[in-house]
Amino acid sequence: MEWDEIPWITAEEMWGDTDLDVPSGVMVKVLSRDEETGATTTVIKAPPGWSTPMPESHSVQQEDI
């Protein structure tokens, strides 16, 4: 599938109503999903200037571009 064919979805569509500190306007592209484990490879697009005062930790690899 080509990059332009992968739809952007809202963070709410991706993760639902959770306790995550995700600002309105965050968009997600799901590049792959393992149906057995539920693991995903995603691209996250945050609004310009977004930051969080909350410390972050992830149980997965994360890469900023």
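Predicted model: local features only at pLDDT ≥ 70, side-chain atom pairs only at ≥ 80, totals over all residues.
Q: Why is the pair of Trp3 and Trp8 edge-to-face?
A: Because the planes of the two rings stand at 85 degrees, with the centres 6.2 Å apart. The cut-off for edge-to-face is over 60 degrees.

Q: And Trp8, buried or partly exposed?
A: Trp8 is partly exposed, with a relative accessible area of 29%.

Q: Changing topic. How many helices and strands does the chain have?
A: The chain has 1 helix and 3 strands. Along the sequence they follow the pattern β-α-β-β.

Q: In what order do the strands sit in the sheet?
A: The order is β1-β2-β3, in an open sheet with antiparallel pairing. The edge strands are β1 (9-10) and β3 (40-45), and each of these pairs on one side only.

Q: What holds strands of a sheet together, in general?
A: Strands of a sheet pair through backbone hydrogen bonds, in either a parallel or an antiparallel way.

Q: How many bridges are there between β1 and β2?
A: β1 and β2 pair over 2 bridges, in the antiparallel sense. Ile9 stands opposite Val28 of β2.

Q: What about β2 and β3, how many bridges join them?
A: Strand β2, residues 27-33, is joined to β3 by 6 bridges, and the two run antiparallel. Ser32 has Thr41 in β3 as its bridge partner, and Val30 has Thr42 in β3.

Q: How many residues lie between β2 and β3?
A: There are 6 residues between them, and the two strands form a hairpin. In the turn, Gly38 has a positive phi of about 85 degrees.

Q: Where is Trp15?
A: Trp15 lies in helix α1, which covers residues 11-15. Trp15 is partly exposed, at a relative accessible area of 34%.

Q: What share of the contacts join residues at least 24 apart?
A: Among contacts between residues at least 6 apart in sequence, the share is 25%.

Q: Last one. Where does Pro48 sit?
A: Pro48 is in the segment after β3. Pro48 is exposed, with a relative accessible area of 83%.

Q: How far apart are Pro48 and Gly25?
A: In sequence they are 23 residues apart, and in space Pro48 and Gly25 are 9.8 Å apart, C-alpha to C-alpha.

Terms used: Residues numbered from 1 in each chain as written. Heavy atoms only, no water. Helix = DSSP H or I, 4+ residues; strand = E, 2+ residues; numbered from the N terminus. Buried < 20%, exposed > 50% of the residue type's maximum accessible area, 1.4 Å probe, protein only. Pairing = 2+ DSSP bridges. Contact = heavy atoms within 4.5 Å. Phe/Tyr/Trp six-rings, centres within 6.5 Å; stacked < 30°, edge-to-face > 60°.
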